[in-house]
Amino acid sequence: MTDKDNGFVVFSGVQKSYDGKILVVKDLNLSIAKGEFLTMLGPSGSGKTTCLLMLAGFETATQGEILLDSKPINNIPPHKREIGMVFQNYALFPHMTVAENLAFPLQVRSLSKSDQEQKVNHVLDMVQMSDFGNRRPGQLSGGQQQRIALARALVFEPELVLMDEPLGALDKQLREHMQFEIKHLHERLGVTVVYVTHDQTEALTMSDRVAVFNDGIIQQLDAPDKLYEAPNNCFVAQFIGENNTLEGTVESFEGDYANVRLENGQVISALAVNVGKVGEKTLISIRPERVETEAERCPEGAQKITGEVLEFIYMGDVFRTRIRVGSNDEFIVKSRNSPSQQRLQPGEMVTLGCMNKDCRALDYQTVNKEVLT
Amino acid sequence: MVSVDSIIGRNSLHRKVQRSLRIQKLRALGLIAPLFIFILISFVIPIGDMLFRSIENQLVSEVLPRTTEYLKSEQINEDWEPPNELFWHLYVDLAIAAEVKLHTRVGSRLNYEKTGISSLFRKSGRSIKRFGADDYRKALTDQIPELTSIDYWELLAEGTKYGYTRDTYNAWKKRLIENDDFSEKTKPSDFLFVVLANDIKSSGTTPSPDTILEEKLLPVISELPEIRFKELFLETDEDWAEPDVWDTIQLYSPSFTNGYYLNSADFKKGSDGPELRPENERLYVLIFSRTLFMSVTITMVCLLLGYPVAYFLANLPLKYANLFLILVLLPFWTSLLVRTSAWKVLLQNEGVINDVLVAIGLISNLERLELINNQTGTIIAMSHILLPFMILPLFSVMKTIHPSYVRAAKSLGATPWTAFRRVYFPQSIPGIGAGSILVFILSIGYYITPELVGGTTGTFISNRIAYHISSSLNWGLGAALGSILLAVVLALYWVYDRVVGIDNVKLG
């Protein structure tokens, strides 16, 4: 993945420690292509923001090299890096009007007044805020401020734009709307975007690739669909989307598949993604929507798992059924609300069906649930 | 939709809301009432009284009512000569005042306006007793012994005939009562006999019911030598011939005066309106401008010293910032007097700073720096004392400036200096405003420190005010200076509001 020759932005063996004892970022190697939308996703304290700050120049890497367009930038001060940045709190200058905010990067670059005006108008148009040039940031709503912050990061036409949880302060609806706007802007302008968030939906919606951070290490770097459907390890499986885990022991291997004996004695077959030798413990990850509550509805070759219904929740478009499987009483099954779909009652014993390619045997590690929220 | 009116009558709802609002208001008033009353009694009323004193001037016309009344119609110029009758009125006024020593107070009051009047009044107050009134008393009481009794005078005063005597007697009696000196055994003063004799003489030709009194007294009175008041006064002190003295009395006869304010601005009252005082008497404009200049200097020094410190504190992690804040606040734990005295030890000619400078050879022993008892001393000591008042508002404002603003500026291409100048500094202006206003207003009225380390050139207007309140006892002038100071502060506050906007002032 460290592709020094091709990458527009390259992290090569980057480490960062604030106190000289704990590494916040441990050996980061990452290459971002020109025009790519890359998201750094991870729980707080995972090192993603530190990476962004190192790229922007506000933190220095303790070790390793950061290249921008093949040039090392470790010793270039932030104001000479030509990187646009959108901050979590927008950081719009409260004592300047919107137009003055937007003209600021142009002024420090000594552009002529008419050029400034033209670019400011252009960028205001781009974010559909043409009428707001004379307002103060304090007079704008959160979403409007967000657009201006975006416009300001783009107005001096940087090739790389960094965004540090830019939608964190918006309410859900606006956030979703802005996600699409940012995505469309990126597509139109073709700039490289490095986006930091702890919201996995946001990451999946917007990105070309997502780097999932935990504990200072990139756990997996992949396109959103791969990340969701084919997580490499337990952390990613848990962190991205909803996930069921079943604990078991590897009994034998059959090609790409491993036979795993669950705690309740059942043996199921799962894709051996990240498991050790026979006899070692593993966690099987199954997405809730890949399980049928009626085994008959599955295609040929599905395997059966028995469990007891604990709770049935009607959510309109879907049903959520909580089932006890072995020692796991948080096994969730999501089923589409179709006329033929059975509505289960608590206490019922069910036979669940799922395909063995949807069961992924991953590394055995206990994941702190609180980290994930 | 069901409207409110249909559930309960509109009026009754309205009443209920009104009632609950009224109760809230009353409760709020109740909470602030104790402090409000305290401030009213201990602060607002005394200040109002003080401000009133700066224009109040009733003393002269109260103590010298006849003289000032007579002077009202006089045109005093350089060639004017005080007429005889004026001295007669002055005699009566002074005689009443001298009974309770009031003449010295009028003397000192007028002395503020023209030096020498105080001693003139004191001297005259003593000498009028030797103007021969005792001869009148003896002669009159020989004829009518009852005249020695106060009861007889009470009867006389009830009559309508001798108006001047009646008024004089009542005024005299009032002064004595005020002074707790009046009883039935009080003997009528000598000058009252002169007044009575004068009255009888001038009304003797017309028939009257008091014929017995006149029959008995008129012959005696005509034999008595006439008292030549003008000559006697001029013998006592020839200043009484000076038109200037009378001019001053005339100028300060009205109950209200702008004299104190004119005085505060180095003007004085002249017969043709205010005129500038001679150069050697000008003082207050100098002290006011010095006070303003030094306050501005101290504010600037505090700002220059305090801004970097506040910036440093605001960018420290909280636990260290709190530690350093305690260091900033440490001076508050010792008394102001102690701190100022410490500066005396440090700054004086044989003090620590000079000793060190001599010891390391920076200056020779003969050219020790004069750091105290001048403006330098006041500026150094007051800047130190007022510095926390600058640092604290700056700190609390800077604390609210998120580091991402400067980061944003840098990421947009601004050099660190531009980022500071265009983004950080403008956002810290509310703190600068608050700190500067606080330090400036505190320093413009500062008293203790300039008093102790200011010598003669480093004192403030407040030191003059204190001098007039406690030493020269010219309260009116002190009050006028105080109200000018208040007005200057309010005016500056207004200007500041216009220029910076008071909404931009934040203490945290």
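Modeller: Let's start with the polar contacts: across the interface of domain 1 and domain 2 of chain A there are twelve residue pairs in polar contact, both partners at pLDDT 80 or more. Keep in mind that this is a predicted model.

Who is doing the touching on the domain 1 side? In chain A, α6 (200–206), β9 (209–214), β10 (217–222) and α7 (224–229) each put at least two residues into the side of domain 1 that touches domain 2. Sorted by type, the residues on that side of domain 1 of chain A come out as ten nonpolar, eight polar and one charged.

Now for the extent of it. The contact joins 19 residues of domain 1 of chain A to 19 residues of domain 2 of chain A. Together the two domains of chain A bury about 1,600 Å² between them, and carbon and sulfur atoms give 64% of that area.

A:D27 has a positive phi of about 50 degrees, and it isn't a glycine. Most residues other than glycine have a negative phi. A:D27 belongs to strand β2 (residues 23–32) of chain A, and it is partly exposed, with a relative accessible area of 45%.

For context, chain A also meets chain B. That contact takes 22 residues from chain A and 18 from chain B. The area buried between the two chains is about 1,800 Å², with 67% of it from carbon and sulfur atoms. On the chain B side, B:R407, B:L412 and B:R422 lose the most area to chain A, together 39% of what that side buries.

Here, too, the salt-bridge count between chain B and chain A is zero, while five residue pairs are in polar contact, both residues at pLDDT 80 or more. From chain B, α21 (403–411) and α22 (416–444) each bring at least two residues to the side that touches chain A. α21(B) gives the most to that side, with seven residues. By type, the residues of chain B that touch chain A split into eight nonpolar, seven polar and three charged.

Finally, the layout of that partner. Chain B is divided into domain 1 (4–53), domain 2 (62–129 + 229–251), domain 3 (132–223) and domain 4 (284–504). The C-alpha centres of domain 3 and domain 4 of chain B lie 68 Å apart. Chain B has a positive phi to look at as well: B:L473, a residue other than glycine, with phi near 60 degrees. B:L473 sits in the loop between α24 (461–470) and α25 (475–499) of chain B, and it is exposed, with a relative accessible area of 51%.

Methods. Residues are numbered from 1 along each chain as its sequence is written. Chains are lettered from A and ligands numbered from 1 in the order in which they are written. This is a predicted model: local features need pLDDT of at least 70, side-chain atom pairs count only at pLDDT 80 or more; totals for chains, interfaces and linings use all residues. Side-chain values use heavy atoms; hydrogens and water are left out. Contact means heavy atoms within 4.5 Å. Buried area is the accessible area (1.4 Å probe) that two parts lose on being put together, summed over both. A polar contact is a pair of N or O atoms within 3.5 Å; within protein, one must be able to donate a hydrogen and the other to accept it, and residues adjacent in sequence count only if both atoms are side-chain atoms. Helices (H or I, at least four residues) and strands (E, at least two) are DSSP runs, numbered from the N terminus. Ala, Val, Leu, Ile, Met, Phe, Trp, Tyr, Cys and Pro count as nonpolar, Asp, Glu, Lys and Arg as charged, and the others, Gly among them, as polar. A salt bridge is a side-chain nitrogen of Lys or Arg within 4 Å of a carboxyl oxygen of Asp or Glu. Domain bounds come from an automatic or database domain assignment. Buried means under 20% relative accessible area, exposed over 50%, partly exposed in between (1.4 Å probe, protein chains only).
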